[in-house]
Amino acid sequence: MPQDHTERRVVVTGPPRQSSRASSGYYRPRTEIDEQTTLGHTYVRSLMRTQLRAALTVFAVLGLLVGPLPLLFAAMPDARRLEWAVLGFGLYVPLVLLARWYVRRAERNERDFVRLVEDR
């Protein structure tokens with residue numbers, strides 16, 4: 001019996017190899033944040049900066065709203081009932097509106113941040 005000297009090729013199949021996504025040009029900000037790289041710190045610092053800006057805005061409006069009240073009360077020394085009315089009822093609605101604005105702003109900042117991190 002003559003032997004056939006031609007080589008036989010064997011095809012091995014298996015699961016495809018995963019190439020590094022970073023080397024293929026795929027960019028994931030979430031990975032940058034999880035690995036605490038400089039870019040990840042920049043993303044988080046950006047979120048913190050926008051949250052701080054919203055908080056400082058609320059603090060400034062609150063200061064402008066409540067700050068002049070002692071001067072107003074000092075100008076009218078005999079108006080005790082007016083003081084209680086202003087402090088008890090007059091400030092309630094602006095404080096609630098200010099708190100509502102802050103919460104909505106903070107949630108929007110976080111939603112924008114998640115959209116930035118997840119979309120790419």
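Author: The model is a predicted one, in which local features need pLDDT of at least 70 and side-chain atom pairs count only at pLDDT 80 or more, while totals for chains, interfaces and linings use all residues. Residues are numbered from 1 along each chain as its sequence is written, and side-chain values use heavy atoms, with hydrogens and water left out.

Helices are DSSP runs of H or I with at least four residues, strands are runs of E with at least two, and both are numbered from the N terminus. Residues 54–76 are 87% helix and 0% strand, and the C-alpha atoms at the ends of this span lie 34 Å apart.

Helix α2 covers residues 38–66, which is 29 residues. The expected span of a helix is 1.5 Å times one less than its number of residues, so α2 should span 42 Å, and the 41 Å between its end C-alpha atoms agrees with that. A residue is called buried under 20% relative accessible area, exposed over 50% and partly exposed in between, using a 1.4 Å probe and protein chains only. The buried residues of α2 are G40, Y43, L47, Q51, A54 and V58.

A salt bridge is counted when a side-chain nitrogen of Lys or Arg is within 4 Å of a carboxyl oxygen of Asp or Glu, and by this rule there are two salt bridges. One joins the side chains of R80 and E83, with 3.2 Å from N to O; these residues stand three apart in helix α4 (residues 80–90), so about one helical turn separates them. R80 is exposed at 56% relative accessible area, whereas E83, at 13%, is buried.

The other pairs R115 with D112, whose closest N and O atoms are 3.1 Å apart. R115 and D112 are likewise three residues apart, in helix α5 (residues 92–119), and about one helical turn separates them. R115 is partly exposed at 43% relative accessible area, and D112 is partly exposed at 36%.
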